[in-house]
Amino acid sequence: MAIGSRAVSYANPACVKSVVVRSQSVPQWRALSSQSIAHQQQQKNLTKTKKQKSSKCSNHSSTAAAQIHLLLSQFRQASATPLHRLRQLADAMTAEMHSGLMSEGGSEQLKMLPTYVENLPHGDEEGLFYAVDLGGTNFRVLRVQLGGKEKRIVKQEYQEVAIPPELMQGTSKELFDFIAKKLASFVAREGEGFEAHSGHVRELGFAFSFPVLQTSVKSGILVHWTKGFKISDAIGKDIVAAFEEAIGRKGDHIRVAALVNDTVGTLAGGRYWNEDTMLSVILGTGTNACYIEQVDAVPKWRGAPPKSGEVIINMEWGNFRSPYLPRTFADEEVDIDSVNPGDQWFEKMISGMYLGEIVRCVLAKFAQEAALFGGPIISPKLLEPFSLGTPYVSKIHSDESADLTEVARILKDVFEIRRTTFQERKIVHDICDIIAERGARLAAAGIVGILNKIGRDHGPTATNGSYLSSRRSKTVVAMDGGLYEHYTQYQVYMRAAIDEMLSETAAQSVVIELSKDGSGIGTALLAASHSQYHTF
Ligand code: BGC
């Protein structure tokens with residue numbers, strides 16, 4: 001019997017696991033024949049080669065693991081948002097707001113669009129009003145019966161409709177005809193509990209959540225599309241005219257009383273319940289913010305100043321850009337492959353449309369460069385753009401099971417990666433954490449930038465005139481959007497970053513109020529407060 005060891009090799013020759021079977025021991029002193037010496041030598045060599053192979057293999061896997069950890073720590077570093085960085089970003093946001101308010105088209109980054117919304121709802125609005133909320137992959141139609149100060153919102157109903165993807169890149173007629181058709185059938189189902197004023201044409205608020213240069217409260221020109229929409233013939237056109245023509249083609253009698261951005265709808269919805277609401281933020285498919293500004297602080301304002309002395313500014317903050325933004329290779333990839341390369345950097349780093357795609361790009365790089373998930377063959381699904389939606393990122397992130405079973409399930413269902421090690425799942429979890437935390441902290445920096453601009457970043461004890469003159473102890477941020485609503489850890493990170501950036505008193509004075517579907521209701525409320533029959 002051969003002296004030494006025998007290695008049993010498994011299917012993958014490049015990664016042989018050695019099982020050593022010891023032969024019976026041979027007395028050292030036994031005389032050996034030259035044949036047996038040669039045989040021994042041969043066996044020794046064989047063993048050596050197999051040992052080398054096996055150690056090469058474990059070297060290989062430990063090299064791959066080391067490589068993955070290196071990539072991960074580089075990525076973590078590149079995505080970092082330490083406090084000083086957040087402060088720089090908040091200051092840069094404030095500075096951009098100032099320059100965006102100076103000239104007609106805004107700054108190169110922030111359009112800072114005045115909205116012409118003069119009457120924020122107060123609670124005394126009455127009657128039946130509709131809203132259409134278009135801004136993502138779904139749109140909503142809703143109706144609200146308002147009962148004045150006492151009864152407030154008596155009844156509401158809505159319907160959510162998915163927009164067929166081909167309509168997002170077709171013609172404006174196709175898109176508006178589709179919306180008008182859905183609106184018509186919704187209006188036709190108006191039933192008990194809803195009562196239109198006899199002799200009044202039905203009125204609706206239109207939340208159109210893209211950058212629009214408003215020319216009045218019910219007209220505005222589309223500047224460009226975002227969030228995957230690309231309907232070239234709509235750019236430069238009056239959105240309300242296009243929509244009302246489509247409504248007319250359906251033969252319906254309903255008029256647009258107010259054209260607003262979803263942030264403005266959310267602000268109005270927030271104000272309806274809480275007068276301390278000064279700004280609103282959307283963190284959904286896309287992202288944006290609007291706030292109440294003193295008209296004197298808007299050099300580009302034309303015409304008579306509003307009676308209130310205040311204007312609502314739609315910032316279009318999704319296009320914010322700054323050298324302080326911690327951009328990584330993944331952000332560049334996402335941007336280059338988008339329908340609007342070079343635009344909306346901030347949005348592409350923090351909003352729901354893109355977080356999943358950023359995670360996917362990072363995983364694909366780790367798989368390609370460091371054999372994450374075993375390699376060398378990479379699942380085609382992992383290379384498919386937008387195969388990982390942000391809701392999955394949130395689910396991965398919230399997996400607290402000991403062996404990350406939910407992460408394993410998602411990797412299997414979404415990317416068809418059937419077997420993963422715990423280490424790999426942990427890395428996927430960490431990547432989601434890094435990307436979500438960065439997004440949430442950047443959103444927080446944006447909010448602090450606005451607080452800074454309106455003098456509400458120091459809390460009620462500040463000597464800043466505008467804060468004290470308003471005699472308010474709270475600043476409410478009305479928040480809407482599925483990303484914020486459903487991604488709890490994102491909320492936690494965002495709040496923590498706001499608290500980190502502000503003094504304790506200031507932080508306590510800032511209240512974030514989630515107004516679920518605030519934009520839809522708020523838009524209907526704005527139709528009421530801008531109604532042609534408005535008498536209150
Ligand atoms: C649009 C904004 C909108 C935001 C949130 C962005 O892509 O440009 O107008 O408010 O998404 O829906």
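This is a predicted model: local features need pLDDT of at least 70, side-chain atom pairs count only at pLDDT 80 or more; totals for chains, interfaces and linings use all residues.
1. Which side chains place a polar atom by a ligand oxygen? E316 is one, with an N or O atom of its side chain 2.6 Å from an oxygen atom of the ligand. N261 is another: here the distance from a side-chain N or O atom to a ligand oxygen is 2.8 Å. For N288, a polar side-chain atom lies 3.0 Å from an oxygen atom of the ligand. Each of these pairs falls within the 3.5 Å cut-off for a polar contact.

2. Sheet layout. The model also contains an open sheet of 6 strands. Their order is β3-β13-β12-β11-β14-β15, and the pairing is mixed. Which strands form the edges? They are β3 (113-114) and β15 (510-514), and each pairs on one side only.

3. The β14 and β15 pair. Strand β14 covers residues 475-480. It runs parallel to β15, and 5 bridges join the two. Within this pairing, M479 stands opposite L514 in β15. Strands of a sheet pair through backbone hydrogen bonds, in parallel or antiparallel fashion.

Key: Residues are numbered from 1 along each chain as its sequence is written. Side-chain values use heavy atoms; hydrogens and water are left out. A polar contact is a pair of N or O atoms within 3.5 Å; within protein, one must be able to donate a hydrogen and the other to accept it, and residues adjacent in sequence count only if both atoms are side-chain atoms. Two strands pair if DSSP finds at least two bridges between them. Helices (H or I, at least four residues) and strands (E, at least two) are DSSP runs, numbered from the N terminus.
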